[in-house]
Amino acid sequence: MLFIGQKGFAVTHIVTTTADVGDGSLRSAIADAADGDTVLIDVKGDIELESPILINGFGELTIIGAFPKHTTISPSPGCTGELFNIENSGPIRIEAIGFEGGNGDIRHVSVIDCPLGVKFARCRFQNNTMTAAGKFGSAIFAEASFVTIGASSIVNNIAEKAAIHGTSS
């Protein structure tokens, strides 16, 4: 007897609120996503994250915003760490999102052990400051990963070792 398996279909998860948690939130959409899925942010405004969003162990994931000036991700008061922590995943594509207002020890994106790549397209990294001792990259920190940034703006970011910092180990 021969059984032919059907590969699952990719799903689009729609973000309908700027709230950090709950139905329709970015956090919920990413948590519900599986390999090959797309998260579509269909709401304008600032999504203030209260804690990091972990993207770990994905094969492929796409996150698309409305446009960087319409969809921004920023830390809420009291938030620490990376807002997006991407580990052992790829390829990941993040498109048309603004990352703004990281300060102190908040970095917008950390990419660790993602050799298949994380690509940022039509994004904006603006007004991010990393002042914590021993932390580098106010907008993006990458370690043992392949990161591509295309058609994006990197404006007014301050850190000890650049807005974007990468290491090989």
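Contact means heavy atoms within 4.5 Å.

This is a predicted model, where local features need pLDDT of at least 70, side-chain atom pairs count only at pLDDT 80 or more, and totals for chains, interfaces and linings use all residues. Residues are numbered from 1 along each chain as its sequence is written, and side-chain values use heavy atoms, with hydrogens and water left out.

**Stay on Ser25.** Ser25 sits in the loop between β1 (12-15) and α1 (26-32). Helices (H or I, at least four residues) and strands (E, at least two) are DSSP runs, numbered from the N terminus. Is Ser25 buried or exposed? Ser25 counts as buried because its relative accessibility is 1%. Buried means under 20% relative accessible area, exposed over 50%, and partly exposed in between (1.4 Å probe, protein chains only). The side chain of Ser25 reaches the backbone nitrogen of Ser28 at 3.1 Å.

**Next, the core.** Select Leu26, Ile55, Ile63, Phe84 and Ile94. These residues have the most contacts inside the largest nonpolar core, which has 35 residues. Such a core is a set of buried Ala, Val, Leu, Ile, Met, Phe, Trp, Tyr and Cys residues joined through side-chain atoms within 4.5 Å.

Centre on Phe84. Phe84 is in strand β7 (residues 81-87). With a relative accessible area of 0%, Phe84 is buried. Leaving aside neighbours within four places in sequence, its contacts include Leu26, Ile55, Ile63 and His108. Now pick the C-alpha atoms of Phe84 and Ile106. They are separated by 10 Å, and the two residues are 22 apart along the chain.

Move to Ile63. Beyond its neighbours within four places in sequence, Ile63 is in contact with residues including Val39, Ile41, Arg93 and Glu95.

**Then, the backbone.** Select Gly90 and Pro91. The peptide bond from Gly90 to Pro91 is cis, with omega near 5°. Pro91 lies in the loop between β7 and β8 (92-95).

Go on to Ala96, in the loop between β8 and β9 (98-100). Ala96 is not a glycine, yet its phi is positive, about 60°. Ala96 is buried, at 0% relative accessible area.

Now jump to Ala144, in the loop between β13 (140-143) and β14 (147-150). What is the phi of Ala144 near? Phi is near 50°, a positive value in a residue other than glycine. Ala144 counts as partly exposed, at 26% relative accessibility.

**Last stop.** Select Ile164, in strand β16 (residues 164-167). At 33% relative accessibility, Ile164 counts as partly exposed.

Terms used
A polar contact is a pair of N or O atoms within 3.5 Å; within protein, one must be able to donate a hydrogen and the other to accept it, and residues adjacent in sequence count only if both atoms are side-chain atoms.
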